[in-house]
Amino acid sequence: MLRAINILLVVLMLVGAGVVYDLKYEAERATAKVAKITRKIEAERDAMASLKAEWSLLNQPRRLQDLTERYHSYLELDPLDPTQIGTLDDIPFKPAVSGESRPPAPKGSVKLAQPEKSSEKNAGIGKLLDRLPGGHGDGPATTGSVPKPSAGGGGGGAPMMLVPKIVVPKPAAEAAKSNR
Amino acid sequence: MSDVAEHDQDHEHPEARAARDLTASRGRIVFAGLAFAVVYAAVGMKLAGLGMASDDHSAALASGSTQVSTARPDLLDRNGEVLATDIKSSSLYAEPKRIIDVDEAIEALASVIPEMRHDDSVRKKLSSKAGFVWLKREVTKQQRQKIFRLGIPGIGFMEENRRFYPGGALAGHVLGTVNIDNQGISGIEKYVDQESGLAELRAAGMSTDRGLEPRRLSLDLRVQHVVRDEIKDALQRYHAVAAIGIVLDVRTGEVLGMSSLPDFDPNHAEQALEKQNMNRATAGVFEMGSVFKTFNSAWTLDSGKVRLSDSYDAASSLVFGSQKISDFHAKGRSLTVPEIFIYSSNIGSARMALKVGSEAQRAFFEKVSFHKKLETELPEVAAPLYPKRLSDVSTATQAFGHGISVTPMHTAVAGAAVVNGGRFLNPTFFPRSREEADKIAVPVLKPETSDKMRYLFRLNNTPGSGGSGSKADVPGYLVGGKTGTAEKIENGHYAGNKRFNSYLAAFPMDDPQYLVLVVLDEPKAEKEVGAATAGLNSAPTVGAIIRRIAPMLGVMPRYDQPKPIVASN
């Protein structure tokens, strides 16, 4: 009887020792893993910080302004004019009349506000869209809703702001018709 | 014999034999115990020795890490754009004691950094007995990777923080600079250190690395850029010596943009020491000239002794002993108060001030901080210069901004108080809500006076009114403002050809939200124009700034506002 208990205890001790041994090594492995992950997090944080710094460096208004000025002939981004700012109320409702009798929709960029002196400015964005591949011709699906400017863009030469000119889209059917 | 022996043995008492055995074994036990004690003592001493030995390396590292520049909180603009941040860079160090072969180490290092091959200082450092030496601060990532792969014993890397300003010179005067140990030495950087107690922590030998909350400033990166861009343009176009631009939120006193040219790039802190690069906006005092007629009109109207409909003789010059006050744009007749304002009549302004009195002028100037330093976060603030003694002459000259020198920022905040309903707010470089502003605002003028001043401002700016600020007008934004063309003092005399031009404007005038002040130091006339007055250089610069910043700041243009009518007799 006593002998059986002793054997049992010895076995239990051996098992216990084995479990503790395993636990210890598992803990060590976990610690190493934690350290590794911590290092990784640290590295990611540093990478984030330097990427953020790079992002803000690339996004400096000074740099963007220089770029728009340099590529003005292609981008045709002009400084925002106060007359180009409007609210939803400034946009005229779609005319109720249908078909041929409908009056022609305004072309080019629409000046929402009309101060005493109105100088015509044409949108550059329509021209830009036309230059995109597949954006030519009759296809009303892609660029059809953007009216083509009647003449070359005539913006002022003031400093830039990266705000596109407001273009009031024509209804698709109408645009398709006028493009044909 | 054997019997005897046997007898002897037999006769030995069993207890006595046990006692003899015990004594013998006790001796052996004590011996064994001592032997074990000696062995353990040896092991313990070796352990202690090892502990001491490994301390050498960590002490070397510790001495190195105290030299590493610490982390600083990021500085962001009001929209969260980065103005200043820390970037990590690796620095190469060596522990000469742990280097086995100096020649081999140098050879290996030179394969990555070639200039180390013939650098005697590197050899000297590596052969020394020092615990820790820097070999190269801020090595590139590629170099770091290569040296790491070489696995030279005694050579290692330490991560350092370096302050980086993505905007370069964009907001140099506001942000300030840090030294090589990343401690703020000027501008907001210095303020942040003092405020958060970082400086004390560092002095106590503690340095934090993480968990520094970024600080948000009231500055708007885009506005700051526009201000700097436009005044830089003006500086070049009018060949001015210096240019200053300030944009304030008149309702809260927040500084949205502040630039003083020539300026410096805080990434190269040494540029900040050059004298011409000083911050003129808050640390330079100037006789502001005619913009002071704004304040003169404000406090005289506020006293009730001067009304808008009053008129004053501006035909004859005002004489005080040897001094004579005359007008630049002389009209040669008596002028109403609005006319004095828009034609910028010195004589009229002086007469208005003298009618109300020196005491009231001094009281108002004290209320709007013209007699003390501005209370703001920026450490670089200058104290104004003003006449200590009250006299009619000084009252008359101060009415049109001579004989008193204040900083452009003083002028801007006082201007904000004039248009925002008469509430004086110290400027701040950190966000301040309207509620907070309402709590700390000090009333300096009656709201009705502010209404009248807004009318005068708008009148001066309306094209066709003959006002000096018509070139600053931007259709739709109801700009109103006051020009100032002061002559600079040279060798104790006013020099007629050296001017200090300013334009103080606010918009939209029916409910002022933002104030713009542009100052040009010694502008020259453009060839085709022929004059160098503020209306021809500072005013158009203000107009250009407003045209660009108003849409950014969400001010809607309106065209339905009636034009102010000139109240002329």
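Me: In which loop of chain B is Glu522(B) found?
Reply: In this predicted model, Glu522(B) has a phi near 55°, a positive value in a residue other than glycine. As for its place along chain B, Glu522(B) is found in the loop between E18 and helix H19 (534–552).

Me: Is Glu522(B) buried, partly exposed or exposed?
Reply: A residue is buried with 20 or more other C-beta atoms within 10 Å of its own and exposed with 12 or fewer, the range in between being partly exposed. Glu522(B) has 17 other C-beta atoms within 10 Å, and therefore its class is partly exposed.

Me: Is Ser344(B) buried or exposed?
Reply: Ser344(B), a residue other than glycine with a positive phi near 55°, is found in the loop between helix H12 (337–342) and helix H13 (346–356) of chain B. The cut-off for burial is 20 or more other C-beta atoms within 10 Å. Because Ser344(B) has 28 C-beta neighbours inside 10 Å, it counts as buried.

Me: Which two residues are in contact with Arg434(B), leaving aside its neighbours within four places in sequence?
Reply: Arg434(B) is found in helix H17, which covers residues 434–440 of chain B, and with 11 other C-beta atoms within 10 Å it is exposed. Once the neighbours within four places in sequence are set aside, the residues in contact with Arg434(B) are Arg251(B) and Thr252(B).

Me: How many Å separate the C-alpha atoms of Arg434(B) and Leu83(B)?
Reply: Along the chain, Arg434(B) and Leu83(B) are 351 residues apart.

Me: Is the peptide bond from Phe507(B) to Pro508(B) cis or trans?
Reply: Pro508(B) lies in the loop that runs between strand E17 (493–507) and strand E18 (514–521) of chain B. For the bond from Phe507(B) to Pro508(B), omega is near -25°, and the bond is cis.

Me: How many helices and strands does chain B have?
Reply: Of the 569 residues of chain B, 47% count as buried, and among its contacts with a separation of 6 or more, 72% are accounted for by residues 24 or more positions apart. The secondary structure of chain B comprises 19 helices and 18 strands.

Me: What pattern does chain A follow along the sequence?
Reply: Chain A has five helices and zero strands, and buried residues make up 14% of its 180 residues. Among contacts in chain A between residues at least 6 apart in sequence, 75% join residues at least 24 apart. Read along the sequence, the pattern is α-α-α-α-α.

Me: Which element gives the most to the side of chain A that touches chain B?
Reply: The two chains meet through 18 residues of chain A that are in contact with 25 residues of chain B. On the side of chain A that touches chain B, helix H1 (2–58) and helix H2 (61–70) each supply at least two residues. The element that gives the most, with seven residues, is H1(A).

Me: How many nonpolar residues does the side of chain A that touches chain B have?
Reply: By class, the side of chain A that touches chain B has three polar and three charged residues. Its nonpolar residues number 12.

Notes
Residues numbered from 1 in each chain as written. Chains lettered and ligands numbered in written order. Predicted model: local features only at pLDDT ≥ 70, side-chain atom pairs only at ≥ 80, totals over all residues. Contact = placed C-beta atoms within 7 Å. Helix = DSSP H or I, 4+ residues; strand = E, 2+ residues; numbered from the N terminus. Nonpolar A, V, L, I, M, F, W, Y, C, P; charged D, E, K, R; others polar.
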